[in-house]
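This briefing is meant for a reader who is new to the structure shown below. Please keep the sequence and the three-dimensional view at hand while reading.

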Amino acid sequence: MLALLRHEIRLQARQKTEWAALLLFFVLVVILMPFALGPEPEMLRRLAPGLVWVAALLMGLLSLDRLFVQDARDGTLDEMLISPVPLAAIIFAKLAAHSVAIFVVLVVMLLPAALLLNMDVEVLPKLLATFVLGIPSLVLLGGIAGALTVALHRNAALLTLLLVPFYIPILIFAVSACTGDAAQPLLFLGSILALLLPTAPLIIAASLRHTQE
Amino acid sequence: MNPITYFANPTHFNRLAGWLMPVFATGAVIAFAAGFYYALFNSPPDYQQGETVRIMYVHVPAAWVGMGLYMAMAAAAAVGLVARHTLADIFCVAAAPVGAVFVALCLATGSLWGKPTWGTWWAWDGRMTSVLVLFLLYCGYIILRHSFDDDERGAKASAILLLVGIVNIPIIKFSVEWWNTLHQPASLLRMGGSAIAPDMLRPLLIMGAGFMFYAGYLVMLRMKTVMLSRKILRLSEGE
């Protein structure tokens, strides 16, 4: 399991250009916000956590395309299906590595984004906590949708449609943790994650088996 | 003999549908006639909301049918995945647009009702948001179901989506208690009995029956259509 995880993380680390593109995408979405909403510092300060979360969510959606589609294209997915290692375990490692990669990108860009949006310093630790609890949930849900659509060739728009309904509660709790009292929304985020952690890899494994045979 | 081809044989279903569809159709006509009479002429206006309360007789049954069809589809999806019963997929394909339209009707009438009573067309209240999510789930299901070239794969993938989406149903049901904001809490199915005046409950239940009969009729009709169109496709492919 650990070896799998290390392998997947190394794989993600080798795809530097793609993650750099996603990182730029995140920053560009953040840069667009003041143009769309107006540059008043007070308003940006109030909206900053929500804006960062929307940018993170969009970046997450964009990155999901690479979760299974590439593996299906080069045959790795077939290897995974016939591998003696349980499929759910491989998927778990894959999704964990993906979450780590997104998390790294977000942490790198958090300070610049906070500066651009005039964010309060005391919001930063709360925002980090919501990333820790929220990003894996996004990736786990994204894995389900990715596994369902892997047989389709152009699935980006469909992925968005399938995922946004499920992302809404995560976004609500994450942003309310940053703007108000953090304890209760963080507990909700944690319980969503606790629910998804054991179930999502199994659902993904089942849907990959069902749709790939 | 392959069980899939056996169950895909529409004779059994067609016999049932041939018997049920006239029943549903007459039931719907009778219930709508009686329901409209009671709802429009023989029920009191609300002491606060006035005549706008009559929107309820469309709004609430539409919500029941929209949620009920989703639960039925999820149940059928589970059966379809386990027992590989093709009819389950046909039911889901046929019921999805019907359910989506009823949810859309529920959202639209809710919006029309909200303007005079709450002073706004839309608010991001828990009940409204979760029903909007239900509508998006229906849309996602319909598009996912139809975007596969291989029909059987599409059936399986979209069945899994239906099962995952079921988490939204309890959220809709309890949203009015968890986030008690704008939408009123449950008044029909609740501890301690219904809180609706009997004069209003009567048209509501009759309209509910009418909506269910009508939805049942539509779904059966669409199931027959889906089966026929698949038959045509098979014949034209020369299998």
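The points below are grouped by topic.

The structure is a predicted model. Chain A and chain B bury about 1,800 Å² between them, and the interface of the two chains holds zero salt bridges. Over all chains, the count of salt bridges comes to eight, and four residues of chain B are linked in a network of such bridges.

**Chain B as a whole**

- Chain B is built from eight helices and has zero strands.
- Read from the N terminus, the order of its elements is α-α-α-α-α-α-α-α.
- Chain B has 239 residues, of which 44% count as buried.
- When contacts in chain B between residues at least 6 apart in sequence are considered, 76% of them join residues at least 24 apart.

**The interface of chain A and chain B**

- The contact involves 18 residues from chain A and 21 residues from chain B.
- Of the area of about 1,800 Å² that the two chains bury, 81% is on carbon and sulfur atoms.
- Leu148(A), Phe166(A) and His210(A) supply 30% of the area that chain A buries against chain B, which is more than any other three residues supply.
- Three helices of chain A, namely H6 (123-149), H7 (156-179) and H8 (183-212), each supply at least two residues of the side that touches chain B.
- H7(A) gives the most to that side, with seven residues.
- By class, the side of chain A that touches chain B consists of twelve nonpolar, five polar and one charged residues.

**The nonpolar core**

- The largest nonpolar core has 136 residues.
- The residues with the most contacts inside this core are Phe26(A), Val52(A), Phe131(A), Leu208(A) and Met73(B).
- Helix H4 of chain B (residues 86-118) contributes the largest share of this core, 15 residues.
- Beyond residues up to four places away in sequence, Val52(A) touches Phe26(A), Leu110(A), Ala113(A), Leu117(A), Met119(A), Leu127(A) and Phe131(A).

**Salt bridges in chain B**

- Asp89(B), Arg145(B), Asp151(B) and Arg230(B) are linked in a network of salt bridges.
- In the pair of Asp89(B) and Arg145(B), the closest N and O atoms are 2.8 Å apart.
- This pair links distant parts of the chain, as Asp89(B) is in helix H4 of chain B and Arg145(B) is in helix H5 of chain B, 56 residues apart.
- A salt bridge also joins the side chains of Arg230(B) and Asp89(B), at 2.9 Å from N to O.
- Arg230(B) lies in helix H8 of chain B (residues 198-237) and Asp89(B) in helix H4 of chain B, so this pair ties together parts that are 141 residues apart in sequence.
- Arg145(B) belongs to helix H5 of chain B, residues 126-146, and counts as buried because its relative accessibility is 3%, under the limit of 20%.
- Asp89(B) is buried, with a relative accessible area of 11%, and Arg230(B) is buried, with a relative accessible area of 18%.
- Not counting residues up to four places away in sequence, Arg145(B) touches Asp89(B), Val93(B), Asp151(B), Gly154(B), Ala155(B), Ser158(B) and Arg230(B).

**A salt bridge in chain A**

- The side chains of Lys94(A) and Glu8(A) form a salt bridge of 3.7 Å, N to O.
- Lys94(A) lies in helix H5 of chain A (residues 87-116) and Glu8(A) in helix H1 of chain A (residues 2-14), so the bridge ties together parts that are 86 residues apart in sequence.
- Lys94(A) and Glu8(A) are both buried.

- Ser63(A) is located in helix H3 of chain A, residues 41-74.
- Ser63(A) counts as buried, at 1% relative accessibility.
- A polar atom of the side chain of Ser63(A) lies 2.8 Å from the backbone oxygen of Gly60(A).
- The side chain of Ser63(A) is also joined to the side chain of His98(A) by a polar contact of 3.0 Å.
- Apart from neighbours within four places in sequence, Ser63(A) is in contact with Trp19(A), Leu22(A), His98(A) and Ile102(A).

Technical notes:
Residues numbered from 1 in each chain as written. Chains lettered and ligands numbered in written order. Predicted model: local features only at pLDDT ≥ 70, side-chain atom pairs only at ≥ 80, totals over all residues. Heavy atoms only, no water. Contact = heavy atoms within 4.5 Å. Buried area = accessible area lost by both parts, 1.4 Å probe. Helix = DSSP H or I, 4+ residues; strand = E, 2+ residues; numbered from the N terminus. Nonpolar A, V, L, I, M, F, W, Y, C, P; charged D, E, K, R; others polar. Buried < 20%, exposed > 50% of the residue type's maximum accessible area, 1.4 Å probe, protein only. Polar contact = N/O pair within 3.5 Å; in protein donor to acceptor, adjacent residues only side chain to side chain. Core = buried A, V, L, I, M, F, W, Y, C linked by side-chain atoms within 4.5 Å.
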